[in-house]
Amino acid sequence: MKKPFAFLAGAALALGVAAPFAQAASFDDVPDTYGFYREIQYLSNQGSISGYADGTFHPDERVTRAAAAAIIGRALELDGTKTTTVFSDVGKSSFASGYIQSAVKAGVISGYSDGTFKPDETVTRGQLAIFLARAFKLTESAPVAFKDVSPSSAAYPFIGKILSARITSGYGDDTYRPDQAVTRAQFAAFMSRALHPSFATGKKLPAFDLDFLDVGQGDAILLSFPNGKNMLVDASRSDTEVKEALAGLEAASIDTFVATHPDADHIGGADYVIKNYHVKTVIDSGQDHTTQTYLDYLTAVQTEGAVFKEAQEGQNISPDPSVTVRVLHAGSDAADLNDGSIVLFVSYGEADYLLTGDAGEEVEAELAAKYDLDAEVLKVSHHGSDTGSSQAFIDEVSPAYGMLSYGEGNPYGHPSASVASRLQKAGAEMYATPDGTIETWSDGIFVYVKQGEDPVPAPAPAPAPAPKPAPAPAPAPAPSVPADNGKVALSSKNLQTEVIGIKNSGSTSVNMGGWKLVSVEGNQKYTFPAGFILGAGRTVYVTSGPNAKEQRPTYLKWTNANIWLNSGDAAKLYNSAGQHVSGLK
């Protein structure tokens, strides 16, 4: 998602506002059943709000006028540099002084007739209507029929404007309650509706699917667009592999095929796809090759009459106007085939995917210098090889998810432990195709990920030539990351609901793959899945019993059976080396 907000450390402490991050925080006091859960998650994804050090959000806490000015000021990208203001009670040292003064100049906010701003006073619903109508330059107005809003009140015309924009509809008793203090949850709801139309209309965009197929040592990525069209990016290393992977999905036809580059592990099944899936358009990197696999691919294009196009940087190759699939790089004259890979940036509403082919660090550095690469999902370059995915590049992308496509037991050592470590350091949750096809979808706001049975929701720089893939892969371990206990500890235990909380209170993410949670009374053990990353400041809940759920990164499902003894059961946590890390009696 886009993260347009810039933040100052001082304001972060005062507002509970944090620097932008790709993956939304999970707040202990905002369950997914909470009325404004999606709005809070959205602003958390955007980086405009965050919780407190104890993992809570305090949704019912009131918002001050200074805090509101700062948050809105960041949304408008106003100058937040501390400065002298026109108000006698807002000194230069105030964390919000810059935003307050800038917002005054922009005509967004004003003070009181006595020359004060009253920065510590709570914002009322009437004041918030004025702030938002001015901030987002709302012009259209709807009739105001609330029995507690007088036409002579200062907020009256602005309430009409936010009604027209569907930012609010008031209460069921025909009141607006203009003098009521605004809570953090209400502020999140109003702001989200002002920023994104789907929150205002209550209508979600249709799903856009992007799946990373399990095709062994190769790449194949299927994009299924809301208008029913499909695009396949790369086609594995053989007809058999891509045939089996596609057979488990619902794509009856593929309108567009993209060959990122002509290595066999990317076009090995291209001839099969073109012949059997009615491909109309083929987008190619423009690189030539001499292999029989490449010749079979070109022959299929000619035989089936598909339109053959060479990718051009900057063009949008999406067959659906609601989704952008932009070419960021295509090097037909690259000295190395990998560095000539087509790199695609896919955007659907606020959700972004970066698909890097096999591009190396030099290409990554060029992309970082030219584009805003911030994306929720990163297709890790070259099967996780250390020819790409530098820490600087991963930090630039800031992915919530790192998708690794490789074959078990491959002879190249993919994925590199150093790449997995970099992804962990960036707080990205890693998925790998040896564990099965990785399905993702988006409603234009959030990205959701599924691998296996249970869906999970989500709230972007000189390589040596890589060896060509061997004909048969034989089991590589899942991405390995150096063991680190960090500051992970058991934080909560509810024996009745069978929910155990584990929090990382440290400043770095921790790979919990292989860790064990133990019910002492029954000596039953839950093993954390390989590659599971608990981000800094994050809490994960291990659930069991009839209401157990898998909803990563917040919830992990142990079993639907009852595990914990209600009359008393201690919990213990062990790291992957079997060392006791934490316990709760």
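Contact here means heavy atoms within 4.5 Å. This is a predicted model, in which local features need pLDDT of at least 70, side-chain atom pairs count only at pLDDT 80 or more, and totals for chains, interfaces and linings use all residues. Residues are numbered from 1 along each chain as its sequence is written, and side-chain values use heavy atoms, with hydrogens and water left out.

**Val 499**
- Val 499 touches Ser 492, Lys 493, Asn 494, Tyr 541, Val 542 and Thr 543, leaving aside residues up to four places away in sequence.
- With a relative accessible area of 22%, Val 499 is partly exposed (buried is under 20%, exposed over 50%, partly exposed in between, with a 1.4 Å probe and protein chains only).
- Val 499 lies in strand 17 (residues 499–504); strands are DSSP runs (E, at least two residues), as are helices (H or I, at least four), numbered from the N terminus.

- Strands 17 and 22 (residues 539–544) run antiparallel and are joined by five bridges.
- Thr 543 is the bridge partner of Val 499 in strand 22.

**Helices 3 and 5**
- The contact between these helices involves Arg 65, Ala 68 and Ile 72 of helix 3 with Gln 127, Phe 131, Leu 132 and Ala 135 of helix 5.

How values were computed. Pairing = 2+ DSSP bridges.
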